[in-house]
Amino acid sequence: MVKVSDVVYYATHPNELKAIAQWKTWHNPVHERDESKECESLKKCFHYLNMTSRSFASVIQELNPELLVPVALFYLILRGLDTIEDDMTIPIEKKEPVLQDFHKILDIDGWTYHENGPNEKDAPLLKEFNVVIEEYKKVKPEYREIITDITQRMGAGMAENARAVATNQLSINTIPEYEKYCHHVAGIVGEGLTRLFVEAGLANPALLRRSDLHESMGQFLQQTNIIRDIREDTDDKRRFWPKAVWSKYVSNYEDLCKPEHRGAALRCSSEMILLALEKAPDCMFYMAGLKDQSVFNFCAIPQAMAIATQELCFRNGDIFERNIKITKGQACQLMLDSSQNLQILYDVFKRYARKIHKKNDPRDPNFLKVSVACGKIEQFIETLFPTQDPKSVVRAANGGVDPTPEGSAPAAPVVKRNRAGNEEATFKELMFMSLAVLVGIAAASSIMIFIAWYLGARFDLAWQRGLEGKFSKPGKEELASMIAESARKASATVTKRVVETMQREL
């Protein structure tokens, strides 16, 4: 059901409403999954993919057919591994061996797992994990080798973390330890995906020789999630921000979420975002090596969402109060922009880097470093896509004629005229969208009022109370009095009509 708050929000943000309409109406997937060719076990796998993934399910299902099933199964296997590692109700004596040997479980027909706690939302996947194993055995040996290797390494890292948590020894003190944790849960995944892309011939093999690039892809996403989820993790007694950072600003980790330390917490979050932002040039470099459009979309959309989330969290005290996220309209606009080509994707990075720079506070000790990080993003983009000289653009539009010949006034700028035309068209679109929202609200309200009247709603009583200046809910006695008065008037009206009828007949 549509919320009133959403209606009000999109009525005042028609650009976002427009983005939602464009994505829903005009988005054409590069590849579409053909369910008619799938067996029941594979359909079950995609069912669990949609159930367990909030952000990756849609982009996975639009992948090149060569990688659709391998990547979907890769995700489900790692999701199963993560579900066991995250479940604190499982004793470490049972959890650790399963994590360490999970790669071997992939060869056991019919294997399922029923040890999760009652509140584990992804437990159904493990209860029917046999369908994942069944489909996994059907993929090419080259893909299975990659998936098995990554699962083994992730399982070992998760077992190490789980043991540390169980013995209260998990402590992220230094930035290298922080990045090591992100490597275990995301960086290794980036390596596995890169190997799958290259094996399928859909990415430049040179990416395998630059491990720093696919490592940055995973680090960029994971660090963004850790920054955004600070309040939720703190409430769950989990600490992922490194002590080397937060100890500069507060004495105790929990102080970050206390209102009286809000200024220090914001400065701490600036340094955390700086660590993630410094990975952005590597991420952009990596995506330049992708050959297939569907693989590009698969990688680009989450990265664009990540930098938009960093901008949302930057110097935003709300992250210490609740879990925040970009709106659906912003997400649709990012998906539209990120699924076209490299230059438009880079424009997204540039746009949000400039927003971060604009919000940067000179009083923040990280001000200069954040400004440099934003500048490096623009510098990288300028290297690959140099900004055109406005005079050369005007000269080309004028048929090669110099727009400012010697001794004459400057010619009318064609670029400015085009920009003015675009702005006028955008304004008309915004007005149309706003009008459409208002008409929709009016139509829905009219239908609701008619249904209420048809079912017996007494708008005359509401109108009467409004004229009397009474806008609060009537009490029981007042309501009974109103009903009695209404019944008396109705009875009098009926009696009058009967008398009038009898007089006419006589």
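The structure is a predicted model, in which local features need pLDDT of at least 70 and side-chain atom pairs count only at pLDDT 80 or more, whereas totals for chains, interfaces and linings use all residues. Residues are numbered from 1 along each chain as its sequence is written, and side-chain values use heavy atoms, with hydrogens and water left out.

## Overall composition

The protein chain has 24 helices and zero strands, where helices (H or I, at least four residues) and strands (E, at least two) are DSSP runs numbered from the N terminus. Of the 506 residues in the protein chain, 43% are buried. With contact taken as heavy atoms within 4.5 Å, 71% of the contacts between residues at least 6 apart in sequence join residues at least 24 apart. The accessible surface of the protein chain comes to about 28,100 Å², and 56% of that surface belongs to carbon and sulfur atoms; accessible areas come from the Shrake-Rupley method with a 1.4 Å probe, and for residues only the protein chains shown count as cover.

## Helix spans

| Helix | Length | Reach | Expected span |
|---|---|---|---|
| α2 (residues 14-26) | 13 residues | 17 Å | 18 Å |
| α5 (residues 65-86) | 22 residues | 32 Å | 32 Å |
| α10 (residues 141-166) | 26 residues | 36 Å | 38 Å |

Helix α5 is largely enclosed by the rest of the structure, because 16 of its 22 residues are buried. In α2, the buried residues are P14, E16, K18, A19, I20 and W23. After α10 comes N168, whose phi is positive, near 55°.

K350 lies in helix α19 (residues 342-359), and, not counting residues up to four places away in sequence, K350 touches E378 and I381. L345 also has its place in helix α19, and L345 counts as buried because its relative accessibility is 0%. Leaving aside neighbours within four places in sequence, L345 is in contact with M287, F296, A300, A304, D337 and S338. Between L345 and I301, which are 44 residues apart in sequence, the C-alpha to C-alpha distance is 8.8 Å.

## Salt bridges

A search of the whole structure finds 35 salt bridges. One of them joins the side chains of K94 and E115, at 3.8 Å from N to O. K94 lies in helix α6 (residues 92-100) and E115 in the loop between α7 (102-105) and α8 (123-127), so the pair ties together parts that are 21 residues apart in sequence. K94 counts as partly exposed at 46% relative accessibility, and E115 counts as partly exposed at 42%.

D122 forms a salt bridge with K121, with the closest N and O atoms 3.5 Å apart. D122 is buried, with a relative accessible area of 3%, whereas K121 is exposed, with a relative accessible area of 60%.

In a further salt bridge, between E254 and R239, the closest N and O atoms are 2.7 Å apart. E254 lies in the loop between α14 (243-246) and α15 (262-277) and R239 in the loop between α13 (230-235) and α14, so this pair ties together parts that are 15 residues apart in sequence. E254 is partly exposed, with a relative accessible area of 35%, and R239 is partly exposed, with 42%. Salt bridges that share partners also join R79, D82, K121 and D122 into one network.

## A nonpolar surface patch

I447, I449, F450, I451, W453, Y454, L455 and F459 form a nonpolar patch on the surface, with about 940 Å² of accessible area together. Patches are made of residues with over 30% relative accessible area and no salt bridge, with like charges joined within 9 Å and nonpolar side chains (Val, Leu, Ile, Met, Phe, Trp, Tyr) joined within 5 Å. Helix α22 (residues 414-454) gives the most to the nonpolar patch, with six residues. W453 is found in helix α22, and at 53% relative accessibility W453 counts as exposed.

Conventions: Expected span 1.5 Å × (residues − 1). Buried < 20%, exposed > 50% of the residue type's maximum accessible area, 1.4 Å probe, protein only. Salt bridge = Lys/Arg side-chain N within 4 Å of Asp/Glu carboxyl O.
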